[in-house]
Amino acid sequence: MAMILLLGSRQLKSAQPNVLVIMADDLGYGDVSCYGATALKTPHIDKLAAEGLRFTSGYCSASTCTPTRYSMLTGTYAFRGERTGIAPPNAPAIIKPGTETIASILKHAGYATGVIGKWHLGLGDEGGPDWNGQLKPGPLEIGFDTCFLLPTTNDRVPQVYVQDHRVLNLDPADPLWVGTKKPSPDHPTGKTHRHTLKMDWSHGHNSTIHNGISRIGFYTGGHAARFRDEDLADKWVEQSNEFIEKHKSEPFFLFFSSHDIHVPRIPHERFQGKTSLGFRGDSIIQLDWCVGELMKTLERLELAEKTLVVFCSDNGPVLDDGYKDGAIEKIGKHRAAGPYSGGKYSVYEGGTRTPFITRWKGRIEPGLSDELVCTIDLAASLAALTKQNLPKQSCLDSFNVLEALLGDDNAKGRDHIVQQNNGNNGTYALRTGKWKLHRYDRKTARNVVVETQLANTKVPKYQLFNLSDDPAEKRDVSEKHTEVMSRLKKQLAKIIEQGSSRPGSKSTSQK
Ligand code: NG6
Ligand code: CA
């Protein structure tokens, strides 16, 4: 009897949980204390891990932002899409209306859906965003009921919020202009007014100045709409709390898309100087604070047992990403990518193997999981959670790993994952079990060695590593394991060529 009651209450709890996806930006495997960082403490992320499942093989699908976000939302590898590389300020919407996404899937299941934070997937039709008019298509045309966004990434112009289809607080008398060319000869830039900057640039990032920081791209106008970098995290938390409060009595899906710890790293004054790692570390503390605030809200509204929380990152770490914020000088013994090589922009493990935690109080048994899961799998897994079938032509590479995400007994994750860097430039890796193949269709690759600068180096087309005894991918064993090498080469080529990899899916371009 007790057993039946127990089962009954468990099933009840399992029915249509809320889904909160917290995606960090540029956060590396070794950047939080529950993944081994000792130079700083992340108590809230650690608590989430202690109450949930901490994955040691949790991945994002690319080592830059736009492709990971594209594939997380659509469940399709970004290398299959057009213009899926890092989006410029005036990029049009990259995910076309009508594309099935996590948001549309959960909307079909009756969820209220929202995205708050960094977007970086373009806005508007082919002409790009109409900054002074209706900003569509965008998130609302692919399944989100509402959005509150930083339109691109904060080192790119403009520094304004977008709420649903409009720039928030835009004064029509002071229209916003965004472009790639200097709007007038006397327009101050990071080059002409370098001495006035509160944080200097190191490469790129020397165009329009706002809040003492020069950015990628130019803009004028929209002054009443502009925000302070220091206030972004507080804004995301405030907006998220409102969203959760508003939808506390119905199932909701919230994509909390943090800008931390992307450059320019300008945490709120109250976090500045809180770590020995400079603003990069202080931004991690700010991110941790955000996680704590969101968890507090779930507790206060008694939603912790009704909410599946997924914590992940959009790509691995980078120290100097264009501003002199002390990240390199203050790194000390901190290993941002943990035991792995590479980081942002590379297909070494450091580029895509990142913190990955799931928590659902009362449903997920706390622990550690070595199962292979990826942000690209959320689409098929959440479809399974809400008992929906995916159309054949959608979510072409998303695997249903729901049981692994929930830590069910004997649950299996993926048996392989394709990793990529940026867009569709022919830089791939394939991990299956302990084996890892690199494939470079170009003769050089920009593989970041995290502790130094970005570097373009010559690379052989293929390399093979054995992650079980060489997690840092230092020893190419392709000549020793020719059979493995040819098997993986074939497998990767097939996944790329056949246009889809999800069992039962079929790309529309397939005959
Ligand atoms: C690069 C920028 C880098 C960062 C990145 C996108 C330069 C020299 N570098 O082109 O600073 O903005 O794009 O990062 O401009 S991401 O995490 O959003 O993908
Ligand atoms: Ca990123």
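Strand S1, residues 18-24, and strand S12, residues 307-313, pair in the parallel sense over seven bridges. Strands and helices here are DSSP runs numbered from the N terminus, with strands (E) of at least two residues and helices (H or I) of at least four. Two strands count as paired if DSSP finds at least two bridges between them. Within this pair, Ala24 stands opposite Ser313 in S12.

Before I go on, two remarks on conventions. This is a predicted model, in which local features need pLDDT of at least 70 and side-chain atom pairs count only at pLDDT 80 or more, while totals for chains, interfaces and linings use all residues. Residues are numbered from 1 along each chain as its sequence is written, chains are lettered from A and ligands numbered from 1 in the order in which they are written, and side-chain values use heavy atoms, with hydrogens and water left out.

S1 and S12 belong to an open sheet of ten strands, in the order S6-S5-S4-S3-S11-S1-S12-S13-S2-S14, with mixed pairing. Its edge strands are S6 (166-167) and S14 (367-374), and each of them pairs on one side only.

How well is S11 covered? Six of its six residues are buried, where buried means under 20% relative accessible area, exposed means over 50%, and partly exposed lies in between, with a 1.4 Å probe and protein chains only. Both faces are covered: Phe252, Leu254 and Phe256 lie on one side, and Phe253, Phe255 and Ser257 on the other.

Helix H3, residues 65-74, lies across S1, S3 (112-118) and S11 (252-257), and runs at about 165° to S1. Such angles run from 0 to 180 degrees between N-to-C directions, with axes as lines fitted to C-alpha atoms, for helices over the stretch in contact.

Distant parts of the chain are linked here: Asp26 is in the loop between S1 and helix H2 (43-50), and Asn315 is in the loop between S12 and helix H7 (349-352), 289 residues apart. Both Asp26 and Asn315 are buried.

Two further loop residues deserve a word. Asp155 lies in the loop between S4 (146-150) and S5 (162-163). Why does Asp155 count as buried? Its relative accessibility is 2%, and therefore it does. Beyond its neighbours within four places in sequence, Asp155 is in contact (heavy atoms within 4.5 Å) with His205, Arg215, Ile216, His262, Val263, Pro264 and Tyr323.

Leu121 is found in the loop between S3 and S4, and is buried, with a relative accessible area of 2%. Not counting residues up to four places away in sequence, Leu121 touches Thr66, Arg69, Tyr70, Leu73, Pro92, Ala93, Ile94 and Ile95.

Helix H6 comes next. Of its 22 residues, 17 are buried. Glu302, which follows H6, has a positive phi, near 55°.

Finally, there is an open sheet of four strands, in the order S15-S16-S17-S20, with antiparallel pairing. S15 (416-420) and S20 (462-466) stand at the edges with a single partner strand each, so one side of each has no neighbour in the sheet. The twist averages 15° from one strand to the next. S17, residues 435-440, pairs with S20 in the antiparallel sense over five bridges, and Lys436 stands opposite Phe465 in S20. Helix H10, residues 482-497, packs on this sheet, touching S15, S16 (427-432), S17 and S20, and its direction makes about 60° with that of S17.
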